[in-house]
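This report takes the two chains in turn. Have the model open while reading.

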Amino acid sequence: MKIQNTAFDEKEVIHLLKHYLPEQASLKDFIHQNTLQSFQKMKFQNALATSSALFGYKVFLGLKDYRNLHKNNKINDAILKWVIIERKGESALYEWRLKMCEQEYKRQIHTRIGQFRGHWKKQFKVDMDALVHPILFRILCSYLDQGISIWRFPACEKGFLNAIKELEQFGYSSFFRKRRAKNLLFSDECTIPDLLKILVGDESLFGQYLFDQQFAHMGWSGMVSVVESSPETLLDKRIITLRELIIFELLLEIDALDFHSGENWAPLATRVKDKPVDLFDEVEITELHEVLSLWQDAYEWTYYDQVLAGLVQAQKPRVANHKKTFQSFFCIDDREDSLRRHLEKLDPNCETFGTPGFFNVEFYYQPEDGKFFTKACPAPLMPKFLIKGRNNRTRRKQDIHFSKHSSSFYTGWLFSQTLGFWSALKLFINIFKPTSGPATALSFQHMDRYSALSIENKNPLDVENGLQIGFTVPEMADRLEGMLVSTGLTKEFAPIVYLVGHGASSVNNPHYAAYDCGACAGRPGSVNARVICYMANHPEVRTVLKSRGIDIPFETQFVGALHDSTQDDILFFDEDLLSKTNMEKHRGIEHVFAKALDNNAKERSRRFLSINIHRSSEKVHHDVRLRSVSLFEPRPELNHATNALCFIARRSLTKNLFLDRRAFHNSYDYRIDPTGKYLLDILKSAAPVCGGINLEYYFSRVDNQKLGAGSKLPHNVMGLFGVANGIDGDLRPGLPSQMIEVHDPIRLLMIIEHFPEVVLQTIQQTPETYEWFINEWVHLVVVDPETNALSVFKEGEFPPYTPFNQKIDLLTEEMQLFESTHENLPVLEIGLVNR
Amino acid sequence: MTMQVVLQFFILIPLTGFVLSLLIPESNEKLISSVSFSTVGINLVGFILFLFYWLVKGRPVVDYNYVTLYQTADFHFFVDLYFDKITAVYGLVGALLTFLVTVYSRYYLHREVGYKRFFNTIIFFYLGYNVIILSGNFETLFAGWELLGISSFLLIAFYRHRYLPVKNAVKVFSIYRVGDVGLILVMWMSHHLWHENITFLKLNNLALLHYSMPSGAGVSLFISMMLLLSAAAKSAQLPFSSWLPRAMEGPTPSSAIFYGSLAVHLGVFLLLRTFPFWEHQLSVRIIIALLGLTTSILATGIVRVQSSVKSQIAYASIAQIGLIFIEVAAGLENLALFHFAGNAFLRTYQLLVSPSVVSYLIREQFYNYSARARSIEVRFPKALEYTLYVLCVKEWNLDSMMYRYLWNPLKWLGSKLRFFTLMGVSLFFVATYLVGLLCFFYRDEIPIAIAENLPILFSLIGLIMVLKSFTERRWARKSWILIIINHFWVVLAISFNEPFSIGQSALYLSGVVVAGVIGFLILVRLRGLEGGIDLHQFYGYSFKHPKLAFLFFLCCLGATGFPISPTFVGEDLMFLHIHEGQVLLALITALSFVLDGLAAIRLYARIFMGPPFKSDSEMAYRSS
């Protein structure tokens, strides 16, 4: 591909730009995704090398970091050798090992982006960014603003450029410093090629110039591009296109030059003697890159190997014949890994499952008084259903500190005289005794616990905005069946089956949506849990399922719940529907949950250095709760940090393994799905969701400055949709350093329990899914359910794999282990003592 | 007497805390935060106890001639401490907020690179703040003013390896330096007015006696205007307002305490403190009130269009401070103090909870959205609405105006002087300075008409040197030398004015020379380590050479008369010898001092801050 074409194709270039710009939506819709998804068509290593050369990203840890890991045995020497031999051949072992461990490399940064446009400064002595960016960002932010400003952008409903034109036409002041740019705005020659002709001159360089220009502020350009393609990311809709942004920026650039040098300046290309390297020219892979990528492989396999050795070694629990006390579904989320373990330990007769936290019901949710619909399913799905809430019992509280009156002239005068002293008191209280207030984003607030939901549709004509209100019985049955079959629970139902969604609570956290359930489009999963339970408790739905071979006994009842993963609290819904006997059982189970949550809080707190962990679980749990409502706590929880694994298997495969909260678990029983039909569905969402989370963490960790959001401490909220540093900085997509600092950047290892040939056939069915594996963005291992043999997916095949680790240790005393270190723990076998 | 003695502790405690906090190893977060916590905590408790005692004693005005730093027959440079109602309110609010923010930051800053640096700077800031509010004369106040300026620079540039924080830190520092011109000239003029380093106590008493100014209204007006200049710069009033939002680059708690509350209200403090001086000048009171009013109106308009939360709070605060200016001008001291406290608390809290604004307002929007909700401005005629909107978004061009009318002309001047190389500078200096010295020794032979103008000429040469240094883009060492040379010209120029002892010159130059030589050696060493340094770009060498960076920073402070260097006293001495009528000379000298400080900080920023040069660590894009 080339960008320097003799004929400039505007559509094509804008299309390319949109492809490469960050795709992060507004803060309220924060969804994890592969930061480098625009390179996903390439092999992982090539993509990294290319993106690095194009945009200057750092794509690995530093060479020193790897060498230190090696010294400290965090990279296994045997595996290091194996990796070299696999990739370079036996004969090159010595040479490459020397390169990796000894040789000094000078990192040479030849970032292609920005080189050409950089000549404004080099040749013309014009600091274009300093002249254009502040005003451009300010205008963009004012235009897109969702409610910080009091005075809205005039005429904003007319679209970006039209609104600007309107201001320029009817007002006596101008955004431009000189006449020419303003005149151009109203002339017929205000197209991208016309303006580029003035600025750049040489048509073959137009495309490259636009890339340089837009990537000088990829945060803002990315946001505009996202708003253009999915306007619903802003509640208060704005019409804007990347094309409009480019035109306006080109005008501002012309204006800046006119201002700086008068109207007689030559186009950029005339003064640039050597044509810059084409942005998309083939990238040569450097030796340093190869060295780093070998290190990365060795680093990853050092961990994977432990896990795989654990799979071989750990005893599978015997199939239990006794009755289950309860069954509980959780989201596949890695944060639920430890809670399930604690539950299973406290009540060995319970059974837990993992499934994406929207529980296979996709819909929009509109709470009572809500003016908008919120999506409650994975972001790519486009639901046709609407669930409405009514009869709320609690009222929303308000906080006068966010009132706009505090900024105005005379009310501001009153406010600061009175409210000011109240603020001092509030600050004092929150610092010494944190409590939640209206400013806290609480997961339990997402849906009023006692509100009624319109889940069942009895009249298909009941439609609002093109969405059917509620589900009909057959639609309910399909969804319930899908969830039960794909997770393998089709018989032996316990008296109570819990469906536990999850959400998070935090304060002072613009990235709050990133902490909620990704499968519910960055919202807590409470509504979904209630909806699926309603369906599963519906007699007619059960009749339909019975006809399809799934017989849910009459005594069995489904109960929805929400797990707050920050506070480690749980809220059950519609308990009053339980039968008397089940209610009694439920009371007992509640205690088990409470204890498990205490233990879970203690396990989590080993990462929080500021909590004294050497106390009882209850006391530690108390401190963990406080964190989530403390204004001064930038790490209410650590979210997906350290995630590394994704299991698509029966629980028996991992039940006896201690995985340190690093695994996503999707329950799946290969016996029910011999052809891989359900497996495909699982993979279609698990690969992008878990892979996306994992890779966003990976890239935010290895280059927190360019691919992450940097430290969140100086962040300034822009227009309620993004964050920037200071007041005139670029938007910062990606994750802030506080979210990723304890994360080990390794790719996801997906482990499927099935026969290799079935898996191979399944992943090859859809190219979008296959891409994740064949291009090595996610590693894949298959465990043969009958022989327990391991095979690794490599270049379209499944060669066998034998772990280097012969033995993993036994987990003895759990709580002691948690108190011992805040570092990552090794994979351990959970012995009978702990069962 | 006891009360007098106690006052010094409110400076000594933060000073001790600051020194202690410098000594703790960087990795020991706990100890660092404990020291800061105890420093500010002890100070707070002590202050409250003192306050009680003071109230019980019937709120006497306390004045304490703390320590004399330098004395000659006609010059007495001393640190004076002062306590009255204004100090009480500022002290209490300051101690409370600093304490809260220190506790807050203990957790908030956890694991942040620069944890130690942050707390060092916070205590340093607190020290400066206390020096200012406890100061009993202009000299002490000015010392605090300087401490505050530097700590402000350091906090804004806390993320020193990103481009924008460093750029904005230099920008804000430059505005602070403009304010310093005002104070320097106030000190100069008041020497001549009262023939001593007058204390605020005396100033008060003079005012009580309705003492009429000996030199007439002109001088008084001049002093008042200079005071207003300083106050307006510090409190972000017109035309300086645009620096405040741009200062919000550090971690949120530091922005909260600095720019939300304490530092930004010090302009008000200066006005309150000097109120007795200008209260009988009606014209001054009207000017101050008008400035406050205009600022308040413009800032309110700007607030309404701000789409980022911190800049909105900043402008809202500016608008309130404008109102406080009016209150001060109207003589409503109590109201102003009350208003200050309320505004400081409110803005601190608003800034601290500013990240919550997303979840809160999005929720509000979700439940209360109305597409037709419009603000009052839509009722304006269209042309007016649009005109005002654009002006407010552009902040009434305040930011670009600062460049256009203040810095760009200076840069333009500097860039016209392109005749020097490093060698050239040295030769030129030696040659011309010899001529200057010759003139000095044979000054009796020189015709009076010429001799009279020599001080101006020499101080102009000094100014040109420092201008050149300020705009130098190629050689770091040259820029540094020029900074140092400037001081020599100042001494020479002023020694023509009247004979004064060699000792005074020595006092003045001692700090400069020591800092100058060490600084030069550091630059030479750095050149040896890293190769040539031009000033076209940032180098971020504090990343690789933190020790050199720290040393060089000290040198910058020393060479520019920061109150750790004898030069600080010397500067005051020099002004003593500038005659009352020599406004031009005073102006040139003041300007060269100010530019000197600015050039040094710019040099430091370019060499040691910004994105690290040729480093393989992660680096942010310039625009982020």
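Buried residues account for 59% of the 624 residues in chain B. The model is predicted. The secondary structure of this chain comes to 26 helices and two strands. Its C-alpha trace spans about 85 × 65 × 60 Å along the principal axes. The radius of gyration of chain B is 25 Å, which agrees with the value near 25 Å for a compact globule of 624 residues. Contacts also reach across the sequence. Of those in chain B between residues at least 6 apart, 79% join residues at least 24 apart.

How many residues of helix H6 of chain B are buried? The count is 19 of 19, and H6(B) is mostly covered. This helix covers residues 138–156. From first C-alpha to last, H6(B) reaches 26 Å, close to the 27 Å expected at 1.5 Å a residue.

Phe543(B) sits in a loop, between helix H23 (502–530) and helix H24 (546–559) of chain B. Is Phe543(B) buried or partly exposed? Phe543(B) counts as partly exposed because it has 18 C-beta neighbours inside 10 Å, while a buried residue needs 20 or more. Beyond its neighbours within four places in sequence, Phe543(B) is in contact with His161(B), Pro612(B) and Ser615(B). Ala476(B) lies 67 residues from Phe543(B) in sequence and 18 Å away in space, C-alpha to C-alpha.

## Chain A: two open sheets

Strands of a sheet pair through backbone hydrogen bonds, in the parallel or antiparallel sense. One open sheet in chain A has six strands, in the order E14-E12-E17-E18-E19-E20, with mixed pairing. Strands E14 (663–667) and E20 (800–801) of chain A stand at its edges; each has a single partner strand, so one side of each lacks a neighbour in the sheet.

Another open sheet has three strands, ordered E13-E22-E21 (chain A), and its pairing is also mixed. Here the edge strands are E13 (657–658) and E21 (810–811) of chain A, each with one side left without a neighbour because each has a single partner strand.

| Strand pair (chain A) | Sense | Bridges | Residues facing each other |
|---|---|---|---|
| E17 (residues 749–753) and E18 (residues 779–783) | parallel | five bridges | Met750(A) and Leu780(A) |
| E13 (657–658) and E22 (residues 828–830) | antiparallel | two bridges | Phe658(A) and Leu828(A) |

Notes: Residues numbered from 1 in each chain as written. Chains lettered and ligands numbered in written order. Predicted model: local features only at pLDDT ≥ 70, side-chain atom pairs only at ≥ 80, totals over all residues. Pairing = 2+ DSSP bridges. Helix = DSSP H or I, 4+ residues; strand = E, 2+ residues; numbered from the N terminus. Expected span 1.5 Å × (residues − 1). Buried ≥ 20, exposed ≤ 12 C-beta atoms within 10 Å, placed from the backbone. Contact = placed C-beta atoms within 7 Å. Rg over C-alpha atoms; globule rule 2.2 N^0.38 Å.
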